[in-house]
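Visitor: I would like to learn how to read a structure of this kind. Please take me through some of its features one at a time.

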Amino acid sequence: MVMTSPTTATAVNSVLRVPPASPAEAAAHFGASLAFHADVSDVASALAAGGEYGFVVVDSRSTASWDQGHVPGAVHLPTALIPEQAAALLDPAVPVVTYCWGPGCNGATRAALALAQLGYQVKEMLGGFEYWAREGFAFETWEGGEQRAADPLTAPVDDADCGC
């Protein structure tokens, strides 16, 4: 691999056409990102540990989607119903982790916004239900429990820890 100076690289490389942020700016950005997002594997690990894990998982999808499959123990609260039902279903002192279908859907983001506007501490689960199922975690359907093999493109097949 031939290394080039940043000046030479930016002239020919669209990745570096806009230079990277300073290390301090990058640390602030990525630190803030972790305050807003939770990884599917981290959520699954916390739930699997049992006991008090300090947050509640909210599925913000429709009833038909919920019936098709959802995270065990999640609260079903469609985004449109958050303003009228959140107070009855959620404790404002307990952080919320929202999810929707997957990375191509911003429903969990909209749900997180609605909850934050009501005063809840909230994170969005990256990957949503799609990655929950693709990473091989058990889920519930209207017919009962289900689990699929981990997709080797999204999760380690022979190890519980991806190393990241």
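Predicted model: local features only at pLDDT ≥ 70, side-chain atom pairs only at ≥ 80, totals over all residues.

Visitor: What is found at the start of α3?

Guide: There a side-chain oxygen of D39 comes to within 2.7 Å of the backbone nitrogen of S41.

Visitor: How do I read the sides of a helix?

Guide: An α-helix has 3.6 residues a turn, so residues three or four places apart point the same way. Now take α3, which spans residues 40-48 and in which V40, V43, A44 and L47 are buried. Viewed down the axis of α3, these buried residues fall within an arc of 100°, so they line one face of the helix.

Visitor: What do the buried residues of α3 pack against?

Guide: Their partners are the strands β1 (37-39), β2, β4 (96-99) and β5, together with the helix α7 (128-134).

Visitor: Which residues of α6 are buried?

Guide: In α6 the buried residues are G107, A108, A111, A112, A114 and L115. Down the axis of α6 they fall within an arc of 165°, so they too line one face of their helix. The cover over the buried residues of α6 includes α5 (82-89), β4 and β5.

Visitor: Let us turn to a residue in a strand. Is T98 buried or exposed?

Guide: T98 has 0% relative accessibility, and the cut-off for buried is under 20%, so T98 counts as buried. T98 belongs to strand β4. The side chain of T98 reaches the backbone oxygen of A108 at 3.0 Å. Apart from residues up to four places away in sequence, T98 touches V58, A108, A111, A112, L115, V122, K123, E124 and M125.

Visitor: V122 is in that list. What can be said of V122 and its surroundings?

Guide: V122 is part of strand β5 and is buried because its relative accessibility is 17%. With neighbours within four places in sequence left aside, V122 is in contact with A35, V96, T98, A112, L115 and A116. V122 and A38 are 84 residues apart along the chain, while their C-alpha atoms are separated by 9.9 Å.

Visitor: How is empty space found in a model?

Guide: Rolling a probe the size of a water molecule over the atoms shows where empty space is left. In this structure, the second largest pocket holds about 180 Å³ of space.

Visitor: Which residues line the second largest pocket?

Guide: The lining consists of F36, H37, T109, A112, L113, A116, Y120, Q121, V122, K123 and E124. By class, six are nonpolar, three polar and two charged. Both α6 (107-117) and β5 (122-126) supply at least two residues of this lining. The most comes from α6, with four residues.

Visitor: Where is R61 found, and is it buried or exposed?

Guide: R61 sits in the loop between β2 (56-59) and α4 (63-68). Its relative accessibility is 2%, so R61 counts as buried. The side chains of R61 and D59 are joined by a polar contact of 2.7 Å. Beyond its neighbours within four places in sequence, R61 is in contact with several residues, among them W66, H76, Y99, W101 and F129.

Visitor: What does W66 contact in turn?

Guide: Leaving out neighbours within four places in sequence, W66 is in contact with D59, R61, A74, V75, H76 and E140. W66 is found in helix α4 and is buried, with a relative accessible area of 16%.

Visitor: To finish, how many helices and strands does the protein chain have?

Guide: It has seven helices and seven strands. Along the sequence they follow the pattern α-α-β-α-β-α-β-α-β-α-β-α-β-β. The protein chain has 164 residues, of which 34% count as buried. Of the contacts between residues at least 6 apart in sequence, 60% join residues at least 24 apart.

Definitions and conventions:
Residues numbered from 1 in each chain as written. Heavy atoms only, no water. 1 Å grid on protein atoms, 1.4 Å probe; cavity = no way out; pocket = protein on both sides within 12 Å on 5 of 7 lines; lining within 4 Å. Points joined across faces, edges and corners; volume = space filled by probe spheres on them. Nonpolar A, V, L, I, M, F, W, Y, C, P; charged D, E, K, R; others polar. Buried < 20%, exposed > 50% of the residue type's maximum accessible area, 1.4 Å probe, protein only. Polar contact = N/O pair within 3.5 Å; in protein donor to acceptor, adjacent residues only side chain to side chain. Contact = heavy atoms within 4.5 Å. Arc of directions from axis to C-beta.
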